[in-house]
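Subject: The structure for you to look at

Hello,

Here is the structure I promised to pass on. Please open it first, and then read my notes below.

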Amino acid sequence: MPTDKGSKSNCITVMVGKTTTVLEMEHAVVDFIILCEKPWTCETQEPYAIAVLLQYDLVLIDLLTSGFPCFESPYPMDLHESPVTCCTYLTDCPSDLVPALYSIGRTTTSKKNAFSEREWPISGGEWSPASCSYSEIVITGHQDGSLKFWDSGAGSLQVLYKFKTAKFFEKPKNITHSSDNNIEFPFAIQIIYLCSESRRLCVAGSMGQVMLFKFRKVETHSSIFVLEIPIFSDYFDDIYGTSPEFDFTPHQVQKSESSDSDKADAAINVKSGPLRIPPGFHPQLFCFTFGPNKKLVQVTSLAVNSSYGLMAYGTEYGLVVIDIIQKNYLLSVACPDLYGGQDPYSRTPKSPKRLESKDEQSRSPSSDQVSWEIAIF
C-alpha cells in the first residue's frame, strides 16, 4: 500500500560462491523473488534474474551478466518521478502530433548503457489493441517544473516526450523550507494549455510565471523574451492602501511584506543571452504579472488562441491579454474595473488595527460589566 514504507534497507545482497555484491536501490524494498528456469523446487535451482518490488517501482536484475545490470522496462511508468501537480487530457488530436512527439523524445533522451542486453524476462497476458480510433495524450506537470507527454491510447501510458522548464531560469538563491509550497517549489507546474493544431504550449507556474512555447523539430540558439505586466486600479489604493502599517498578505502571493533583499532572493529570474535549445518545445515568451504592492501574483486560468495570435490569463487581481505575435500585452484590467461595485470576491485588508477597532465597536457595556463581575467574584 502507498502508506507502507517497506523495509528500512534500500539494498539487495547477491552472494555467488565467495563473492558478495550489494545492489543499492532508489526506493525502499518491499519484496523480491528469484526467477529460475525450472519451476520445481525439488530440482537444482539456477536463478537468472531477481524481480524486486520497490515502493515506487518494479526492478528486474540480470544475474547472468557481470555486474548484475537491470533489465530495461518495456513499459516504464515513472509517472511520479517528481510529484504530479497538474494534469491535462487531450483527445482527437491531429494524427501527426503523437509521431512528432515520439520522434523528438527518442532523439533528445539519451539511452543509458547500464541496462542488460537481454530481453525482458517476464511474459504473459494479452495486449489488446487500442479501443478507440483517435489518439489520446495526457500531459502531466510536476513539482520540479518538468512536463511529460504520455500516449494514453494503448493499454498503458507510454511516455512520448519530456522537458524541464526550470532550465530556462537561474537557480533560486536562499530558498529554504517553508510552509508555503510556492516558495519551496518555485517551478511547480499548475496550469497546462496545449493548442494541438498550432503546437503552441502555454504553462503557468507556482510563482506566477506564464511560459509560452512553440514546437520545433530543429535545434536553435535564441534568447527568451520577457514581459513584466502590472495590474493597476484606482480601487486598489482604497482597498489595500499604501501605508506600511498594513500587513496585507493576499492569497497565494509570493511573499509577505519584506525587505528588498528578501524579494530578490525569493524571485525567479530568466536566463539572459542566447540559449542552446534542442528540438522540442522552444520558449517564445515569458510573462510575470505584478499586483498591489508590486507582488507577483499566481495565475488562476489560462487560454491561447493561435488563430488570432492571442494569449489570455486571469489572476486573483485581474485579466491580462497578450499579443503573442508582437510580444506585447494588449489589455491589463483589474477585477474592480471588471465587476465594479458587484465584485463577488472579498478583498478586505487584514489589518490588525482595523480588527481591533471592529471588536471595540461591537463590544457592549453589558459585556464589560459581566466580565468585571466575574473577576471580582
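How many aromatic pairs does the count come to? The count comes to 12 aromatic pairs, where rings of Phe, Tyr and Trp (its six-membered ring) pair if their centres lie within 6.5 Å. Planes under 30 degrees apart count as stacked, over 60 as edge-to-face and the rest as tilted.

Before the details, a word on the model. It is a predicted one, in which local features need pLDDT of at least 70 and side-chain atom pairs count only at pLDDT 80 or more, while totals for chains, interfaces and linings use all residues. Residues are numbered from 1 along each chain as its sequence is written, and side-chain values use heavy atoms, with hydrogens and water left out.

Now to the rings. Phenylalanine 149 and phenylalanine 281 are stacked, because their ring centres are 5.3 Å apart and their planes are at 10°. This pair links distant parts of the chain, 132 residues apart: phenylalanine 149 is in strand S8 (residues 146-151) and phenylalanine 281 in strand S16 (residues 280-290). Helices (H or I, at least four residues) and strands (E, at least two) are DSSP runs, numbered from the N terminus. Phenylalanine 149 has 0% relative accessibility, so it counts as buried, and phenylalanine 281 is buried at 3%. Here buried means under 20% relative accessible area, exposed over 50%, and partly exposed in between (1.4 Å probe, protein chains only).

Another pair, phenylalanine 169 and phenylalanine 187, is tilted, because the centres are 5.5 Å apart and the planes at 35°. Phenylalanine 169 lies in the loop between strand S9 (158-164) and helix H2 (181-184), and phenylalanine 187 in the loop between H2 and strand S10 (189-195), so the pair ties together parts 18 residues apart in sequence. Both phenylalanine 169 and phenylalanine 187 are buried.

What about the cysteines? A search of the whole structure finds 0 disulfides, a disulfide being a pair of cysteine sulfur atoms within 2.5 Å. For cysteine 86, the nearest cysteine sulfur is that of cysteine 87, 7.5 Å away. Cysteine 86 is buried, with a relative accessible area of 11%, whereas cysteine 87 counts as exposed at 52%.

Leucine 53 is partly exposed, with a relative accessible area of 41%.

Enjoy exploring it!

Best wishes
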